[in-house]
Amino acid sequence: MSVTIYHNPRCSKSRETLELIRNKGIEPEIVEYLKSPPDAAELKDILAKLGMEPRDLMRRKEAPYAEKNLADAGLSTDALVAAMVENPILIERPIVLSGGKAALGRPPESVLEIL
């Protein structure tokens with residue numbers, strides 16, 4: 001089973017989710033998304049698998065959200081995705097991909113359904 005985690009080692013929920021996966025005997029591919037963010041196509045694919053709109057996956061308290069006026073209801077999906085690619089700190093974490101499915105590790109146990 002191939003498992004990928006979009007991970008931020010400084011985030012406690014991300015670390016807990018990684019530990020939970022490893023406790024299941026799985027060593028996932030770890031993508032430190034702040035260093036290697038997904039491109040727009042990857043992010044759109046992740047959003048589709050999660051069944052979310054871009055703002056559902058955005059960290060709205062991060063500075064770029066306000067600085068770039070991302071609360072503007074007139075912004076397109078493409079504009080929001082582009083903002084997330086350019087400012088990966090806006091992407092909620094951790095995201096786990098497995099078997100063509102995705103789950104957001106908030107809470108960490110929510111990823112168990114796709115493992």
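Guide: One term comes up at once: contact means heavy atoms within 4.5 Å. In this predicted model, the buried residues of helix 2 pack in that sense against strand 1 (3–7), helix 4, strand 3 and strand 4.

Visitor: Which residues of helix 2 are buried, and what puts them on the same side of helix 2?
Guide: The buried residues are L43, I46, L47 and L50. Because they cover an arc of only 100° around the axis, they lie on the same side of helix 2, while the face turned away from that buried side carries the exposed residues A41 and A48.

Visitor: Why is R59 called buried?
Guide: Buried means under 20% relative accessible area, and R59 has a relative accessibility of 17%, so R59 counts as buried. R59 is placed in the loop between helix 2 and helix 3 (63–67).

Visitor: What makes the link between the side chains of R59 and E92 a polar contact?
Guide: A polar contact requires a pair of N or O atoms within 3.5 Å, one able to donate a hydrogen and the other to accept it; the side chains of R59 and E92 are joined by such a contact of 2.8 Å.

Visitor: Which residues touch the most other members of the largest nonpolar core?
Guide: Of its 21 residues, these are Y6, L43, L57, L70, M84, I91 and I95. Apart from this core lies another, of 9 residues, including I5 and V111.

Definitions and conventions: Residues numbered from 1 in each chain as written. Predicted model: local features only at pLDDT ≥ 70, side-chain atom pairs only at ≥ 80, totals over all residues. Heavy atoms only, no water. Core = buried A, V, L, I, M, F, W, Y, C linked by side-chain atoms within 4.5 Å. Buried < 20%, exposed > 50% of the residue type's maximum accessible area, 1.4 Å probe, protein only. Helix = DSSP H or I, 4+ residues; strand = E, 2+ residues; numbered from the N terminus. Arc of directions from axis to C-beta.
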